Amino acid sequence: MSEETGRTGTVHCPFDFSEGLAFDPLFTELMARGPVTRIRLPYGDCDAWLVTSYAGVQQVTTDQRFSRSAIVGRDYPRLTPEPIVSPESVNIVDPPRSRRLRHAAARAFTKNRVARMRPAIERVTGELLDGMAALGPPADLVQHLSVRLPHHTICELLGVVPADRPELMRHTQQLLATAPADRRAATDAKHRLRAYFTHLVRQRRADPADDIVSAMAADPQEPLDEEELAVLALTLLLSGNDTATCQISNITYTLLTHPLRWAELASHPDRLPRVLDELLRLIPFRKGVGIPRVALEDVEIAGTRIRAGDYVHVSYLTANRDPAVFDDPHAFDPARPLRPHMTFGWGAHHCLAEPLAQEELRTAVTSLLTRFPHLRLAVPESDIRWDTSTIRRFPVELPVTW
């Protein structure tokens with residue numbers, strides 16, 4: 001639980017809760033305190049404000065008086081010893097400059113492009129499940145499907161050759177580590193990833209291929225320099241691996257621990273879209289908070305005065321459970337009135353890879369329901385091991401049988 005520090009009532013927030021997919025009790029406590037709380041994170045040179053309400057998160061993420069680019073060059077409050085994103089990343093740059101980068105990157109994830117990729121995603125999913133079936137039960141769904149499908153798909157988009165993919169996966173995982181001892185490995189991983197994509201950009205400019213890096217490098221309408229392209233490709237790699245990798249496992253686990261739900265979907269696959277949307281809202285697939293913003297001037301949020309220069313974090317996890325927006329917010333209710341959730345962010349930094357992640361999730365779960373209608377956990381729930389070393393929340397292994 002939390003620990004208050006100093007006279008200001010600042011709440012110490014390690015955000016290290018890793019018990020299954022239960023909602024972090026620290027978040028429950030922070031929500032009860034009100035929509036805005038002063039917090040202290042494990043890394044960074046000062047405290048920050050945390051905004052937990054749906055309306056407050058909307059305000060911060062759409063108001064240009066809150067700047068992400070203002071964190072550049074600062075030891076800002078965060079959960080990882082090494083900042084995950086590069087200063088030039090599209091996830092850091094503010095509008096209007098970010099619109100140029102986002103427009104170039106968004107071409108990788110348009111609905112039309114993702115629709116064209118659907119047969120390939122379905123083919124790869126089928127091949128991965130063929131491999132799992134051939135080995136026979138029990139099998140680890142994480143290694144057979146959850147990790148491999150998103151990484152393969154985003155690497156295909158970027159034009160990363162198969163031989164290089166395991167190394168990129170290892171570096172990506174090192175960036176997400178939270179322990180102080182992991183700082184050097186994370187710093188090295190970021191440098192290696194950036195160097196890799198700098199080299200790839202140079203290759204594609206000299207010898208274009210049928211991939212997104214080549215398309216962005218050759219686009220005369222959105223000319224990007226070598227550094228911008230390399231950082232953008234790195235950002236796309238991270239985005240493409242993030243949500244889908246965790247949620248394929250998390251959603252499957254959640255349904256398998258409610259066997260009647262799994263059986264219902266196997267019999268009525270038309271109900272899957274509403275179930276997936278509700279599970280995306282409900283499942284806390286990561287710990288704590290992401291990238292903060294800096295207030296450029298004094299701003300009031302829900303009656304709290306945020307001073308110019310203050311750091312402000314938002315929680316999409318708590319916004320997704322705001323009772324002012326979602327009735328009985330902690331309940332799983334696919335029939336609830338449709339309201340947009342914030343699992344993929346909000347505002348100018350909404351996740352670029354959402355269309356791809358949604359397609360991967362739909363394909364993965366549909367394929368499992370069709371291929372293995374009697375799928376079940378191969379071990380007791382209490383024996384499932386959960387990630388405790390990174391900012392993600394998902395099972396390290398998910399043994400299943402059929």
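## Contact between helices H3 and H10

Two residues are said to be in contact when heavy atoms of one lie within 4.5 Å of heavy atoms of the other. In this predicted model, such contacts join helix H3 to helix H10: Arg97, Arg100, Leu101, Ala104 and Ala105 in H3 meet Glu228, Leu232 and Leu236 in H10. Sorted by class, the residues of this contact comprise five nonpolar and three charged, with no polar residue.

Two packed helices are described by the angle between their axes and by the distance between those axes. Helix H3 covers residues 97-106 and helix H10 covers residues 226-256; the angle at which they pack is about 65 degrees, and their axes are 11 Å apart. The crossing of H3 and H10 is right-handed.

## The largest cavity

Empty space is the next topic. Rolling a probe the size of a water molecule over the atoms shows where such space is left. The structure has three cavities of 30 Å³ or more, and the largest cavity contains about 870 Å³ of space.

The lining of the largest cavity is made up of 45 residues. Those nearest the centre of this cavity are Asn91, Asp242, Arg286, Gly290 and Ile291. At least two residues of the lining are supplied by each of H10, strand E10 (311-314) and helix H13 (316-319). In terms of class, the lining of the largest cavity has 22 nonpolar, 17 polar and six charged residues.

## The second largest cavity

The volume of the second largest cavity is about 70 Å³. Among the residues that line this cavity are Arg274, Asp277, Glu278 and Arg281, together with Phe326, Asp333, Arg336 and His341. The lining of the second largest cavity divides into four nonpolar, one polar and seven charged residues.

## The largest pocket

The largest pocket has a volume of about 320 Å³. Its lining consists of 19 residues, and Met117, Ala120, Thr153, Glu156 and Leu157 are the ones that lie nearest the centre of the pocket.

Helix H4 (111-135) and helix H6 (148-158) each contribute at least two residues to the lining of the largest pocket. The largest share, seven residues, is that of H4. The classes represented in the lining of the largest pocket are nine nonpolar, three polar and seven charged residues.

## The second largest pocket

For the second largest pocket, the volume is about 240 Å³. This pocket is lined by 15 residues, and the closest to its centre are Thr254, His258, Leu279, Leu282 and Ile283. Two or more residues of the lining come from each of H10 and helix H12 (272-282).

The largest share of the lining of the second largest pocket, three residues, belongs to H10. By class, this lining has ten nonpolar, three polar and two charged residues.

## The covered helix H12

Helix H12 is mostly covered, with eight of its eleven residues buried. The buried residues of H12 are Leu272, Val275, Leu276, Glu278, Leu279, Leu280, Arg281 and Leu282. They pack against H10, helix H11 (259-267) and helix H14 (354-371).

Leu279 and Leu282 are among the residues closest to the centre of the second largest pocket, while Glu278 and Arg281 are among the residues lining the second largest cavity.

Is Arg165 buried or exposed? A residue counts as buried when its relative accessible area is under 20%. Arg165 has a relative accessible area of 8%, and it is therefore buried. This residue lies in helix H7 (residues 165-175). Apart from its neighbours within four places in sequence, Arg165 is in contact with His151, His152, Cys155, Glu156 and Val160. One of these partners, Glu156, is also one of the residues nearest the centre of the largest pocket.

Thr388 is found in the loop between strand E11 (376-377) and strand E12 (399-401). A residue counts as exposed when its relative accessible area is over 50%. The value for Thr388 is 58%, so this residue is exposed. When its neighbours within four places in sequence are left aside, Thr388 is in contact with Ser18 and Lys287. Thr388 and Pro162 are 226 residues apart along the chain, and their C-alpha atoms are separated by 29 Å.

Methods: Residues numbered from 1 in each chain as written. Predicted model: local features only at pLDDT ≥ 70, side-chain atom pairs only at ≥ 80, totals over all residues. Heavy atoms only, no water. Axes fitted to C-alpha atoms, helices over the stretch in contact; angles between N-to-C directions. Helix = DSSP H or I, 4+ residues; strand = E, 2+ residues; numbered from the N terminus. Left-handed = near helix turned anticlockwise from the far one by under 90°. Nonpolar A, V, L, I, M, F, W, Y, C, P; charged D, E, K, R; others polar. 1 Å grid on protein atoms, 1.4 Å probe; cavity = no way out; pocket = protein on both sides within 12 Å on 5 of 7 lines; lining within 4 Å. Points joined across faces, edges and corners; volume = space filled by probe spheres on them. Buried < 20%, exposed > 50% of the residue type's maximum accessible area, 1.4 Å probe, protein only.
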